[in-house]
Amino acid sequence: MLISFDWLKQLIHTDKPAEEVGALLTGAGLEVEAIHTFDQVQGGLEGIVLGEVLTCERHPDADKLSLTTVDIGNGAPSQIVCGAPNVAAGQRVVVATVNSTLYPAGGESFKIKKSKIRGQVSEGMICAEDEIGIGTSHAGIMVLDTDLPNGTPAAEFFGLGSDKVFEIGLTPNRADAASHYGVARDLQALLDMPAVLPATDAFKVNNTSKPIAVEVENTEACPRYAGVTITGLKVGPSPEWLQKRLRAIDLSPINNIVDITNYVLHELGQPLHAFDADKIRGGKIIVKTLPEGSVLKTLDGIERKLKATDLMICDAGGPMAIGGVFGGEDSGVSEETTSIFIESAYFSPDWIRRTGMAHGLKTDASFRFERGTDPNMVITALKRAALLVQEIAGGEVSSEVVDVYPTPIQNREIELNIERTHTLIGQHIGVERIKSILTSLGIEIIRETETDLTLSVPPFKVDVTREADIVEEILRIYGFNNIEMDENLGTTFLAKFATPYAEDVTDTIMNYITANGFSEIITNSITNSNYYKPAGDAEVESLVKVLNYNSEDLDVLRKSMVFSGLEVLRRNINRRQRDLKLVELGKVYEQIDGEYKESRKLALYMAGNVTAESWKQPSMKTAFHDLASVVQNVLRKLNAAEFEVQNLEQNNYMRQGISYQKNGTEIARLGLLDAGLCKFMEVKEQVWYAELNWDYLLKKYKNKLVAEELPKFPEVQRDLSLVLDKNITFDQVKQIALRTERKLLQDVNVFDVYEGDKIEAGKKAYAVSFTLLDKQQTLTDKVIDSVMNRLMQQFEKQLGAFIRK
């Protein structure tokens, strides 16, 4: 946001320099990010002053040159060689002094130097208007009629002085400061001097020859709507002072009517809109919504299809403007306009923001409306604009002020406890200082006791809704830098942090994964809905849609990490980088029964060869167990190594895979991505993929290390050869073993798998080892045989196993 210092000083009369005012504003929460110099003419006429020609004689060596002496207010007269035919003694002139730079109209800049011209010293230049860039005439030097002393800056004489412009980084909660008057209100409290609203006492109704009726159908979206008609005006260029004000804040002048509405907007923070009154059909304005799909051609020439939630300004024939956002082309002010209806309204921030987002429109008006404007400024701004129109464009006020305000917005009443205020500030500043700050900010004290203040907060303080907000207002004006820091600084409250800290756990795991050759990627959470369409309508319906997307390729939030990773794989593989191991920690989103769900997933991708070809070993293609070992090690580091393994039915993404379950919750899934899916994504490699339920794993993680003394008694290992049906997994064997012998069985491992013509078709043979240990005594053959017999009985009973003995 840009604020002109000259403009600001019209609202609060301070003689402090711009840099000091900028520092005050920054300390009060309106951060001045930069202070620019705005020059009405290039260079700001710096180094150019008024002078008086004392003598003028013909140059001794040039017929067309004159040798002059000029008083420029610095004591000794300056000798200047001048080529203008109209130069003469006694004239008041404009002089460019030595070392000043001129920016002539239509030419390149040049620096004035002390020089010799035909043998005579010249200490400056007497200027024509085109030579200093304020006009185009080159008929001769400017001859001035002025009593200003010699040496007066020419910028002061021409009224073209430089302005300082504050660039303020306005935070979303400070809608009250989105104008020159809003900034002046803060300075009122900081400088303890009044901010003065522009006078509107001169406003009067000249006649009622052109009344425009107003009907507000949707008072939720438009709590207040006001307007007035002005007739007999003339549309044309704005005066120089108004154009200067707008250019200083980087606005281009358009015409006097539009410029006035922009001027009042940036002066008072109240957006206005001017309609051509003769184009308002039926002499009536209706504020309402229209059916979905209605069309309005806006000022930028685009026909826009309207939403059912767009608040529209209509006349008897249809829509004229999108309320608070953008005007319509057909009802706008043109050079032929002679009568206008000025709109000044208060619109609901929610409605304006929804419309602006839906149409991708951001204007100075919508910027303020969607953050919250001051409903009490509506009539003041309207009268201010009407007076400026009459001053600049002529005309008469030809209607009464229409003000539809069925339910006035009341001030908020907030209780402020004095003791708690001092506690939150951290320093005792006194009740009188608190009261002084509040009243200077426009907050009224309506009741007072020894311990509490009852405050009436005006609606322009959009962000002040509770006691803590009041304390913040007091503190920012009192000054954060004025709070003394105690040498023994302490606190009465210490926030609890999660133990262990989630980010530390995340860093540990990511460091482990990247140490194993994985490259971390970060991809966009917004993706293409077309990726999910092959999976069916149900999958598409569960997506979280982006309402105001800028590209059809980025219109939904991702439901799975699969596609964003495949995009990265595709890009690398297309550039001949085929051996890839990637990892990403990101969020996924879905919609379930109208409710939105957000969760974090840790995704791993492997493609190409797991080892590169070398003299020691041939290259090896990535296999399931290469990925599974990484996943299992991650789970082990998270103390989640105890899990059940289930086959993963073929789904939308995986052709084959498994799921790791813990207490009925899936903690990870991994497998081979469907070849059709990879082809659809143009990935020309086989891709192994794993996805871990990161939120659940972090929630259940316990940072406890349990150390045990090494057992004194030896382990015993026994092997079995089990012939089983092909569809039985090793995990089923392991789970049965662990349930059968909970005390002595330490580990179960498969060390060989056989399928072939030496066993029955449809069968396979597992060679399984069992590790037994008793921590209290040495195991006897009797105990070992008992355990192994019970295991064999359960394998035969539950799995139909044939055991080779």
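Q: Which residues lie nearest the centre of the largest cavity, and how many residues line it?
A: A cavity is a set of points on a 1 Å grid over the protein atoms alone where a 1.4 Å probe fits but cannot get out, and its lining residues have an atom within 4 Å of a point. Here 15 residues line the largest cavity, and Ala175, Arg185, Leu268, Gly269 and Asp374 lie nearest its centre. This is a predicted model, in which local features need pLDDT of at least 70 and side-chain atom pairs pLDDT 80 or more, while totals for chains, interfaces and linings use all residues. Residues are numbered from 1 along each chain as its sequence is written, and side-chain values use heavy atoms, with hydrogens and water left out.

Q: How many residues of each class does that lining have?
A: The lining of the largest cavity has five nonpolar, six polar and four charged residues, with Gly counted as polar.

Q: Which residues of helix α16 are buried?
A: Buried means under 20% relative accessible area with a 1.4 Å probe, protein chains only. In α16, a DSSP run (H or I, at least four residues), the buried residues are Phe624, Leu627, Ala628, Val630, Val631, Val634 and Leu635.

Q: What do the buried residues of α16 pack against?
A: With contact taken as heavy atoms within 4.5 Å, their partners include α13 (502-515), β33 (595-607) and α18 (694-700).

Q: Which residues of α13 are buried, and which exposed ones does its other face carry?
A: Val505, Thr506, Ile509, Met510, Tyr512 and Ile513 are buried in α13, whereas the face turned away from them carries Asn511 and Ala515, which are exposed (over 50% relative accessible area).

Terms used:
Helix = DSSP H or I, 4+ residues; strand = E, 2+ residues; numbered from the N terminus. 1 Å grid on protein atoms, 1.4 Å probe; cavity = no way out; pocket = protein on both sides within 12 Å on 5 of 7 lines; lining within 4 Å.
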